[in-house]
Amino acid sequence: MEDACRLADEQGLERVTMSALARRTGVQTASLYTHVRSLRDLQTRMTLQALSELSDRLSVALSGRSGRDALTALAASYRSYAADHPGRYEAAHLRLDSPTARSSDGPRHVQLTAAVLRGYEVPEEEQVHAVRFIGATIHGYIDLQRSGAFAHSQPDPEVSWQRCIDALHQLLSHWPTHLDEREGGSDGDHS
């Protein structure tokens, strides 16, 4: 599995094929099928490994931190993992079937992100929204930067990254407790 993950980090997840992995490990492609059922099985294993590595990294980074420090550590951990292991980071975002997802470290990521919220006064009924917002902001920025979206403009992307963390902190510090009544359905007013 480590060879597949290294290959993904070096050449990109899309370049990890059974034949490429066989060449890298010096075995016949058919021999790989004694270890994995298919390319999808290999990708699933890579996803599980990446999620596990990431949750371990997050856990260490968050230990003893709260509030803004925890938020900054969470964001920095995801960002550094994406820089250190770009193929694994991409693998961590592959879709898993429901039973595999439930038994993976994915739920631990949610729990660790929710732990960051303990330093803020986000009501319990709003926490799932806050966790999703944090993830969307962090991963959205990372993905845009990885794609080169900020490469040709000023200021430096690091400045904007810090602004994102500042904005997240401010929003979490003042999370609306009652956003609106639309959650249960629409009252017909679409203004």
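Thr44 touches Leu96 and Thr100, not counting residues up to four places away in sequence. Touching here is contact, meaning heavy atoms within 4.5 Å. Thr44 has its place in helix 4. Helices (H or I, at least four residues) and strands (E, at least two) are DSSP runs, numbered from the N terminus. Thr44 counts as buried because its relative accessible area is 16%. Buried means under 20% relative accessible area, exposed over 50%, and partly exposed in between (1.4 Å probe, protein chains only).

This is a predicted model: local features need pLDDT of at least 70, side-chain atom pairs count only at pLDDT 80 or more, and totals for chains, interfaces and linings use all residues. Residues are numbered from 1 along each chain as its sequence is written, and side-chain values use heavy atoms, with hydrogens and water left out.

## The whole protein

The protein has 10 helices and 0 strands. Its pattern along the sequence reads α-α-α-α-α-α-α-α-α-α. The C-alpha trace spans about 60 × 40 × 40 Å along its principal axes. Of the 191 residues, 36% are buried. Take the contacts with a separation of 6 or more: residues 24 or more positions apart account for 67% of them.

## Helix 2

Helix 2 covers residues 18–25, and Met18, Ala20, Leu21 and Ala22 are buried there. What do these buried residues pack against? Their partners are helix 1 (2–11), helix 3 (29–32) and helix 4 (39–62). Most residues other than glycine have a negative phi.

## Two helix pairs

Helix 5 (residues 67–84) packs with helix 4, and also with helix 10 (residues 157–173). Axes are lines fitted to C-alpha atoms, for helices over the stretch in contact, and angles run from 0 to 180 degrees between N-to-C directions.

| Pair | Angle | Axis separation |
|---|---|---|
| Helix 4 and helix 5 | about 145° | 9 Å |
| Helix 5 and helix 10 | about 140° | 10 Å |

The angle between helix 5 and helix 10 is about 140°. That angle makes helix 5 oblique to helix 10. Angles under 35 degrees count as roughly parallel, over 145 as roughly antiparallel, 65 to 115 as roughly perpendicular, and the rest as oblique.

The crossing of helix 5 and helix 10 is right-handed. A crossing is left-handed if the near helix is turned anticlockwise from the far one by less than a right angle, and right-handed if clockwise. Helix 5 brings Arg68, Leu71, Thr72, Ala75, Ala76 and Arg79 to the contact, and helix 10 brings Glu158, Trp161, Ile165, Asp166, Leu168, His169 and Leu172. By class, the residues of this contact are 7 nonpolar, 2 polar and 4 charged. Ala, Val, Leu, Ile, Met, Phe, Trp, Tyr, Cys and Pro count as nonpolar, Asp, Glu, Lys and Arg as charged, and the others, Gly among them, as polar.

Helix 4 and helix 5 also have a right-handed crossing. On the helix 4 side stand Ala50, Glu53, Leu54, Arg57, Leu58, Ala61 and Leu62; they meet Ala70, Ala73, Leu74, Ser77, Tyr78, Ser80, Tyr81 and Asp84 of helix 5. This contact has 10 nonpolar, 2 polar and 3 charged residues.

## Residues to look at

Start with Leu58 in helix 4. Leu58 counts as buried because its relative accessibility is 0%. Beyond its neighbours within four places in sequence, Leu58 is in contact with Leu74, Ser77, Tyr78, His109 and Leu112. Leu58 and Arg108 lie 50 residues apart in sequence and 9.6 Å apart in space, C-alpha to C-alpha.

Next is Ile165, in helix 10. Is Ile165 buried or exposed? Ile165 is buried, with a relative accessible area of 2%. Leaving aside neighbours within four places in sequence, its contacts are Arg68, Leu71, Thr72 and Ala75.

Arg88 sits in helix 6 (residues 86–91). Arg88 is buried, at a relative accessible area of 5%. Which side chain makes a polar contact with the side chain of Arg88? That of Asp9 does, at 2.7 Å. A polar contact is a pair of N or O atoms within 3.5 Å; within protein, one must be able to donate a hydrogen and the other to accept it, and residues adjacent in sequence count only if both atoms are side-chain atoms.

A cis peptide bond joins Gln154 and Pro155, with omega about 5°.
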